[in-house]
Amino acid sequence: MKRKPILLFAFPALMLLILAAERAATFLLGAYPASPTMWRVWLELRPLATMFWQQVDLYLGASIALDAAILAAAAIACWMACQAKASAAFFLANHIAILFAGLMIAAGSHSETASTIAAFTAPSGIPFSLAIDFTMKNSLVLILGTAACAYCHVAFLSEARQRAETRAIRILALQRDF
């Protein structure tokens with residue numbers, strides 16, 4: 001199976017597109033605060049990306065231009081990783097994207113009704129609970145991420161098998177020469 005860089009880049013691109021759409025909606029909400037459409041779009045995108053952007057704005061300052069530069073740099077890095085000859089690069093890019101999606105969903109779900117609540121006790125003895133909202137949107141993102149992860153694993157394992165076959169053929173050729 002020959003890997004297709006565009007398929008490897010699809011899920012990281014989706015995550016970056018969600019982050020960019022939330023920033024664009026926030027910017028347009030500031031420009032058109034009376035628009036019900038802007039509020040509706042922003043409220044749909046907010047749970048997935050706002051916690052991330054709040055942390056970025058806290059540490060780097062609130063600048064849409066800086067946010068756009070971060071997104072562009074991340075998109076370039078992911079695209080280069082998916083184009084790289086080394087399998088570990090695209091493997092890492094896809095896994096970071098799926099972990100990031102899970103973290104975005106978990107962090108953004110704290111203010112919504114939870115469909116799954118897990119209670120834990122910290123080592124210090126303080127109980128806390130983790131609430132994750134499995135809405136249709138969140139579930140779709142996780143399913144797409146799992147599919148991207150599966151494709152990444154298949155591509156990685158097929159390349160490893162091809163390298164092993166090539167190595168075995170070379171070893172056989174060397175054994176015949178001796």
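User: Axes are lines fitted to C-alpha atoms, for helices over the stretch in contact, with angles from 0 to 180 degrees between N-to-C directions. At what angle do helix 1 and helix 3 pack?

Analyst: This is a predicted model, where local features need pLDDT of at least 70 and side-chain atom pairs 80 or more, while totals for chains, interfaces and linings use all residues. Residues count from 1 along each chain as its sequence is written, and side-chain values use heavy atoms, without hydrogens and water. Helices are DSSP runs (H or I, at least four residues) numbered from the N terminus. The axes of helix 1 and helix 3 (residues 64–83) lie 9 Å apart, at an angle of about 175°.

User: How are helix 1 and helix 5 oriented, roughly parallel or roughly antiparallel?

Analyst: The axes of helix 1 (residues 5–31) and helix 5 (residues 136–177) come within 8 Å and cross at roughly 150°. Angles under 35 degrees count as roughly parallel and those over 145 as roughly antiparallel. Helix 1 and helix 5 are therefore roughly antiparallel.

User: Which residues of helix 5 make the contact with helix 1?

Analyst: Contact means heavy atoms within 4.5 Å. Helix 1 contributes Leu 7, Leu 8, Phe 11, Leu 14, Met 15 and Ile 18. Helix 5 contributes Val 141, Leu 144, Gly 145, Ala 148, Tyr 151 and Cys 152.

User: Is Glu 22 buried or exposed?

Analyst: Glu 22 is found in helix 1. Beyond its neighbours within four places in sequence, Glu 22 is in contact with Trp 42, Leu 45, Arg 46, Ala 49, Thr 50 and Trp 53. Buried means under 20% relative accessible area and exposed over 50% (1.4 Å probe, protein chains only). Because its relative accessibility is 1%, Glu 22 counts as buried.

Technical notes
Helices (H or I, at least four residues) and strands (E, at least two) are DSSP runs, numbered from the N terminus. Angles under 35 degrees count as roughly parallel, over 145 as roughly antiparallel, 65 to 115 as roughly perpendicular and the rest as oblique.
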